[in-house]
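Visitor: Before we look, could you take me through the helices in this model and set each description against its definition?
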Amino acid sequence: MANQPDPKFPTFSALYTHLLTLPPPLLPPGKATSPTLTASISALSLHPTLETAFHILNNDLPSAHFLVRHMQSPPAYEGMFLHGILHRIEGDYDNARAWYDNVSESDVFAKTWPGGKDDALEFIARVEKLKKDGDGDAEDLGKRSLEEIQTLVEWCKGKFGEQRMEDASGAWVKPDEANRQMAEEMVSGGEGFRKF
């Protein structure tokens, strides 16, 4: 049953090991690689950055996006970085570049991209070229995408642990003024029935 956790993945390690066997998230997937894993990921009640990363590894971008929207400002650099990765996979490259720029001075970014922001932005450009022109080495780019996410998972695991986090509200941050204003302007339906 899709809405029940799979008993084969009762722990962080079991689920993470399985997620690493899936095709690496690189280009817009259209749907989750394994929709049945969504419940298993959520059932672990991990720190939201780890849950987000697991959803990304499963190409479940709507679930990942729901979580990162609560971590869009410092000091939630890990969530902000995941937001950039999410937009890169969605094919929203300008937004991805903006998120990468926002976190480029953080420790987690330096650990993930030791060559700095220029290397990260060059990677985004290569993924964009693959998507738009079909030009590039998809296998190599997929490996680099997976390495980026794995480095971030290991960072978050070390910082937040892999234990259950029954109340994740402590991980949420209030948006800074720039993000608050941007969200205020993001309205759908003309006068706006729904505000983000």
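**Helix contacts and axes**

Guide: Glu78, Phe81, Leu82, Ile85 and Arg88 of α5 meet Ser145, Glu148, Ile149, Leu152, Trp155, Cys156, Lys159 and Phe160 of α9, where contact means heavy atoms within 4.5 Å. This is a predicted model, in which local features need pLDDT of at least 70 and side-chain atom pairs count only at pLDDT 80 or more, while totals for chains, interfaces and linings use all residues. Residues are numbered from 1 along each chain as its sequence is written, and side-chain values use heavy atoms, with hydrogens and water left out.

Visitor: What makes α5 and α9 roughly antiparallel?

Guide: Their axes come within 11 Å and cross at roughly 160°; angles over 145 degrees, on a scale from 0 to 180 degrees between N-to-C directions, count as roughly antiparallel, and α5 and α9 are therefore described that way.

Visitor: Why are the buried residues of α8 said to lie on the same side?

Guide: Ala120, Phe123, Ile124, Val127, Glu128 and Leu130 are buried, meaning under 20% relative accessible area with a 1.4 Å probe, protein chains only. They cover an arc of only 160° around the axis, which puts them on the same side of α8, whereas Asp118, Lys132 and Asp133, on the other side, are exposed, that is, over 50%.

Key
Helices (H or I, at least four residues) and strands (E, at least two) are DSSP runs, numbered from the N terminus. The arc is that of the directions from the helix axis to the C-beta atoms. Angles under 35 degrees count as roughly parallel, over 145 as roughly antiparallel, 65 to 115 as roughly perpendicular and the rest as oblique.
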